[in-house]
Amino acid sequence: MRILVLNWRDLAHPAAGGAEVYTEQVLRRWVAAGHQVTLFAASVAGRPAVEMADGYRVIRAGNRFTVYREARRWWERCGRGSFDVVIDETNTVPFLAHEWVDDGARTVALVHQTCEEIWHHNAPPLVAHLGRHALEPRWLHRLASSPVLAVSESTRDALARFGARDVTVVPEGFEPPSQSRLSPKEDRPTVVFCGRMVSYKRPWDVLRAVQNAHRELPGLQLWMIGGGPLLGKLRRARPDGVEFFGRVSEAVKHDLMARAHAHVSTSVREGWGLVVTEAAALGTPTIAYDVPGLRDSTLAAGGVVVPPSPDALARWMVDLLPAWQSQSFEPLPYGGAHSWDEVADRLLDAVLTQARVPAVSVGLVAA
Amino acid sequence: MKISFVVPTRNSGRTLAACLGSLRSQTHAEVEIVVVDNGSTDATVAIGERFADQVLQWGPERSAQRNHGTKCSTGDVVVFIDSDMVMEPTIAADIARTFEASPATGALVIPERSFGDGFLAHCRELEKSLYVGDPAVESPRAFRRELIEDLGGWDENLTAAEDWDLADRTRAVATVGRVTSYIWHDEGRIKLRATFAKKRYYGRWIDQYVSMHADSNTKFARTALVRKPGALLRHPVLTAGLVALKATEAAGLLLGVRDSRSASPAGSSSAGASRDSRVA
């Protein structure tokens, strides 16, 4: 099988995130299973335009805005006729492959999450309103005529709101940390937050909740793991009982997460929320805001979702932490997610059963 | 003391997982969850089966679903929860402690606060915060099993104001206490048009409720709204939004009452009225 994957970034991109890890893990396994895989992504400073990585070919062109046009051009020049299936991996902006793949190859879209509220956290106000209320609905409505794969129920529901009818949920993957022995829990009630210190993860909400909870749980301490543009400001606020670790190695991160009694997550929205799965694998339950994505991962991992407000988070911490301190939680190896081997298999099955020959090439064949 | 939570649902997929998840993570050990669905076509039943001890099908309306839930549950206490509510983890423990400490108390009020998206949801949050502690608005939700069975459960002839009706009948025969843990009520995104249509639908039962209860006028006055002017003055913008929201609701109720008076028999009017409200 000859597979082309379109994604705006590859794992070598400095801003690569969860979606890129997902792509890399899956593509590597598809290659090992004997498929011929090509990934098209935006160019990265210092990396060649064509490169082999883990057995698949990476082609890079364009920047974050022009990568969509470049993908189409590359298709016109070199791509047409050399693939059996094209996967349009959508991060806010779709490649809309089903509108221009015209050689009879089948297409399917893969969506990790919709952007929606996140626009207001990542773009200046005017652009955010334009993006959220004009651009994204238009893009997703156009994508809706293609078959779509979504990584969570929440993403499927969001796509349905934009008119997508043919959406299949595919599993999220996870590699359990290879720690043989987990560190013992802290003596003081301890909460850990792990994520980039950026606006849409709402680290200020965690700080406020912990400050509120402090009145009733005087010993409460909070560990903030992760770097990001807000880190300096958060540090300068010097809240009581809060320690900032910045960016740390995986081993340190896992150690801290395993020693805490609860993990908290307060994002505006996530595709799945792998950090929740990770905490569960380390024997630490999560208290998360009830928002798309976090809802899926937290409930799958046996955690608790709360109304998205610092007051609510504080109430739940005060009520649950004393009980959780005396209770031990068995680590859940996959915490509601699945092994990458299984994800690669099931994603390929879903691609094979869901991908369709788009209307443009059907018209061509008929003509 | 075993606490049974009865949750009537109908296409409640949006909020049900958070609701049932909060019941499953109660600190009290003996908790039973009974979901009584009424022909949902979304993920409601699947979510129910994941979290609840029993998922039943019953109809035709909320009161009947709740009574059926009471009958099928086994706890010493029955608590009626809506599918858009999220319970703080200590609610069941609080209820058990309060009932054990005061054997004379037959039912308990659980205070509510609301949350949701957008400006109107914040207005509603302000409104609900004014009602906390006002017996004219708050209805008991937790009942000792003997009491709810003696009362004959919810009045299945009422589809709106059934909670006031039950509250009145409870207060006539038993002491009503309260707990300190809160219920968080998910208002979602409030839309004026939908609010108007809903109130117009409820308005059709008001005449019937009034004819059953002589002192019911106090229920509609909502004096709590003006009894704490300080809270309103502190939030002038939210207050303005709240005025608009309440005006819309009042208009909907009045039109609903008019619908019920102009159309008789009441049964045949229901289809027409709901169609009207969508047009409105």
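The model is predicted, and local features are given only where pLDDT is at least 70, side-chain atom pairs count only at pLDDT 80 or more, and totals for chains, interfaces and linings use all residues. Residues are numbered from 1 along each chain as its sequence is written, while chains are lettered from A and ligands numbered from 1 in the order in which they are written.

**Chain A**

Chain A has 14 helices and 14 strands, where helices (H or I, at least four residues) and strands (E, at least two) are DSSP runs numbered from the N terminus. Its C-alpha trace spans about 75 × 45 × 40 Å along the principal axes. Among contacts (C-beta atoms, placed from the backbone, within 7 Å) between residues of chain A at least 6 apart in sequence, 63% join residues at least 24 apart.

**Where the chains meet**

Twelve residues of chain B are in contact with 14 residues of chain A. On the chain B side, helix H1 (13-24) and strand E10 (183-189) each supply at least two residues, and the largest share, three residues, comes from H1(B).

**Two helices**

The expected span in the table is 1.5 Å times one less than the number of residues.

| Helix | Residues | Expected span | Span between end C-alpha atoms |
|---|---|---|---|
| H8(B) | 192-203 | 16 Å | 16 Å |

Twelve of the 16 residues of H12(A) are buried, so this helix is largely enclosed by the rest of the structure. The buried residues of H12(A) pack against strands E9, E12, E13 and E14 and helix H7 of chain A, together with E10 of chain B. A kink of about 30° lies at Asp319(A), shortly before the proline Pro322(A), the bend being the angle between axes fitted to the seven residues ending there and the seven starting there.

In H8(B), the buried residues are Phe196(B), Ala197(B), Lys199(B), Arg200(B) and Gly203(B). They cover an arc of only 165° around the axis, which puts them on the same side of H8(B), the arc being that of the directions from the helix axis to the C-beta atoms.

Definitions and conventions:
Buried ≥ 20, exposed ≤ 12 C-beta atoms within 10 Å, placed from the backbone. Contact = placed C-beta atoms within 7 Å.
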